[in-house]
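Let us work through this model one feature at a time. Have the sequence and the 3D view open side by side.

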Amino acid sequence: MVVAESASPRTVARTVTPALHRLAVLLGVLALIAILGVVLSTRAVDDLTEGLQPASVANQSVLQDLTDLESAVGAWARSGDPGALDDYQQALARLPGHQQVVAQYAADDARLLGLVQQQRAAAERWLDDYAQPRIQAPGGAETFRMARYRNGQRLFEQVRTAHQETSGLFGSRVREASADATWRLRATIGSVAVLTLLGWLVVGRSRRRLLAEVSRPLVALEAVVHQMAKDPSARARLDGPREVRSVALALNELADAQSRARAVEQKVTEELRVLDTARDDFVSNVSHELRTPLTTIHGYLEMVAEEFEDTMTPRHERILEASRRNVARLKTLIDDLLTLSKAENRTTTLESVDLVPLVRDAVTDVSITASGRGISLEQDLGAAPVMVLADRPMLGRAFLNVLSNAVKFSLDQGRVSVSLFVEESDDGAMAVVSVRDRGIGIPAAELERLGSRFFRASNAVTNEIAGTGLGLRIVQTIVDKHGGDVRIDSEEGRGTRVVLRLPVQTGPS
């Protein structure tokens with residue numbers, strides 16, 4: 001694949017930082033405008049709610065006070081009731097406070113101040129010229145004078161007129177303040193909306209740029225990584241920011257190294273295959289070549305034993321027995337080597353096999369040896385068939401090896417238990433063959449070496465128990481070829497439990 005390169009690359013930081021700066025400035029301006037708008041709107045609302053509206057309410061209270069005064073004066077004039085005097089004094093006491101509130105607010109508004117002063121002057125004329133003198137004069141229907149009454153009505157009408165003008169201006173000021181607060185709020189919302197839209201545009205533009213300069217090269221790099229799993233010749237383009245290019249370059253170098261490693265691996269594998277073939281041929285040839293002289297030696301030893309029977313000295317008998325024993329040991333070692341070689345390289349032919357008779361035959365094969373040492377064999381194989389796909393001779397050899405070891409490493413008068421059952425697991429139904437002895441066991445420090453070629457436990461060597469160290473290796477190789485596994489649990493001095501697990505056959509046989 002052709003790898004393209006572009007102009008001098010920028011770093012990811014230089015690509016991303018300008019967009020982040022623009023976004024930060026925009027957010028700062030947006031926050032500033034929002035805060036300023038909120039402050040101005042709050043001030044307008046505060047002026048409306050804390051100054052103008054209370055003053056307007058106080059102005060209405062001024063009229064109410066004057067109206068109460070007028071009612072009290074009228075009541076006094078009509079009836080001379082002393083209660084009217086109390087009402088008059090109470091209204092007169094409230095009036096200055098309300099007038100002061102109105103005057104304080106109007107102090108900064110020349111036009112409003114003029115109307116407030118005009119209203120106050122009209123109220124004072126009405127009080128001085130009519131209300132106060134009338135309330136001090138005797139009351140009652142007989143004291144009524146039309147001229148005085150009309151003068152009072154005329155003066156109070158002037159008060160009403162002045163108050164209407166003041167109230168009209170107060171209403172105008174309230175509407176203006178409300179409109180100003182509303183405008184400021186709308187202006188703030190509009191500015192925020194405009195800046196938000198501008199922010200979306202900036203973000204969109206920055207996103208497109210980042211996609212073009214950072215994201216797309218990374219996506220392309222990811223695609224190349226997946227492609228390399230199928231096509232080892234695929235290579236990444238040196239495109240995008242400097243860091244992405246560095247990763248792409250490292251990935252290409254790694255791919256090149258892997259290609260070289262695969263070539264070396266193929267060569268080594270081929271050489272190992274040749275060596276394995278040569279080893280197998282060597283083992284097979286040597287085993288066959290050794291069998292012939294061993295057979296001959298064994299035959300001569302038997303002839304010597306027959307010819308000189310009852311005439312050999314004890315020393316010669318021990319020599320003859322040692323020779324026989326070592327010939328048998330060499331023959332067993334050669335048989336195990338051939339069996340292991342076949343198990344490792346033979347193409348397994350599978351057929352439907354019932355494990356029950358296969359395990360029972362293996363138990364029968366070791367029963368003579370076991371009975372000679374007083375070892376009892378306990379079987380729990382069940383009655384139902386347990387079908388597996390297996391190479392019958394090879395699997396039978398595996399069971400025989402496990403049972404032979406169990407008898408071999410058991411103590412005299414001991415007991416070996418054999419069981420067969422089916423268990424369900426996440427991998428499906430598994431046939432389980434368990435062989436348990438109560439023999440010498442295996443030292444804990446040596447458990448990890450089980451299954452190694454020619455390995456024999458130290459206590460087996462100390463007790464001079466014969467063996468080649470290949471039996472368990474043969475079992476593991478055979479079971480692995482059947483898709484199963486071997487599990488060993490052992491404790492020195494208490495015995496060993498070997499478990500062989502094989503997949504149960506599914507479907508028609």
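Q: Which side chain makes a polar contact with the side chain of Ser434?

A: First, the general idea: a polar contact is a pair of N or O atoms within 3.5 Å; within protein, one must be able to donate a hydrogen and the other to accept it, and residues adjacent in sequence count only if both atoms are side-chain atoms. Here, the partner is the side chain of Arg497, at 3.0 Å.

Q: What kind of model is this, and how are residues numbered?

A: This is a predicted model, where local features need pLDDT of at least 70, side-chain atom pairs count only at pLDDT 80 or more, and totals for chains, interfaces and linings use all residues. Residues are numbered from 1 along each chain as its sequence is written, and side-chain values use heavy atoms, with hydrogens and water left out.

Q: How many helices and strands does the chain have?

A: Helices (H or I, at least four residues) and strands (E, at least two) are DSSP runs, numbered from the N terminus. This chain has ten helices and seven strands. Ser434 sits in one of them, strand β5 (residues 428-437).

Q: Is Ser434 buried or exposed?

A: Buried means under 20% relative accessible area, exposed over 50%, and partly exposed in between (1.4 Å probe, protein chains only). Ser434 has a relative accessible area of 4%, so it is buried. Across the chain, buried residues make up 35% of the 509 residues.

Q: Which residues does Ser434 touch?

A: Contact means heavy atoms within 4.5 Å. Leaving out residues up to four places away in sequence, Ser434 touches Ser417, Val418, Ser419, Arg497, Val498 and Val499. For the chain, take contacts between residues at least 6 apart in sequence: 73% of them join residues at least 24 apart.

Q: Where is Thr143, and what does its side chain reach?

A: Thr143 is in the loop between α3 (110-136) and α4 (146-230). Its relative accessible area is 19%, so Thr143 is buried. The side chain of Thr143 reaches the backbone oxygen of Pro138 at 3.4 Å. With residues up to four places away in sequence not counted, Thr143 touches Ala77, Arg134, Pro138 and Arg148. The C-alpha atoms of Thr143 and Arg78 are separated by 8.3 Å, though the two residues are 65 apart along the chain.

Q: How do I read the packing of α2 against α3, and at what angle do their axes cross?

A: Axes are lines fitted to C-alpha atoms, for helices over the stretch in contact, and angles run from 0 to 180 degrees between N-to-C directions. The axes of α2 (residues 82-106) and α3 come within 11 Å and cross at roughly 165°. Angles under 35 degrees count as roughly parallel, over 145 as roughly antiparallel, 65 to 115 as roughly perpendicular and the rest as oblique. So α2 and α3 are roughly antiparallel to each other.

Q: Which residues of α2 and α3 meet?

A: From α2, the list includes Leu85, Tyr88, Leu92 and Gln99; from α3, it includes Leu112, Val116, Arg120 and Ile135. The contact residues divide into 15 nonpolar, two polar and one charged. Here Ala, Val, Leu, Ile, Met, Phe, Trp, Tyr, Cys and Pro count as nonpolar, Asp, Glu, Lys and Arg as charged, and the others, Gly among them, as polar.

Q: At what angle do α7 and α8 pack?

A: Helix α7 (residues 355-372) and helix α8 (residues 392-408) pack at about 40°, with axes 9 Å apart. That makes α7 oblique to α8. Their contact residues divide into twelve nonpolar, three polar and two charged.
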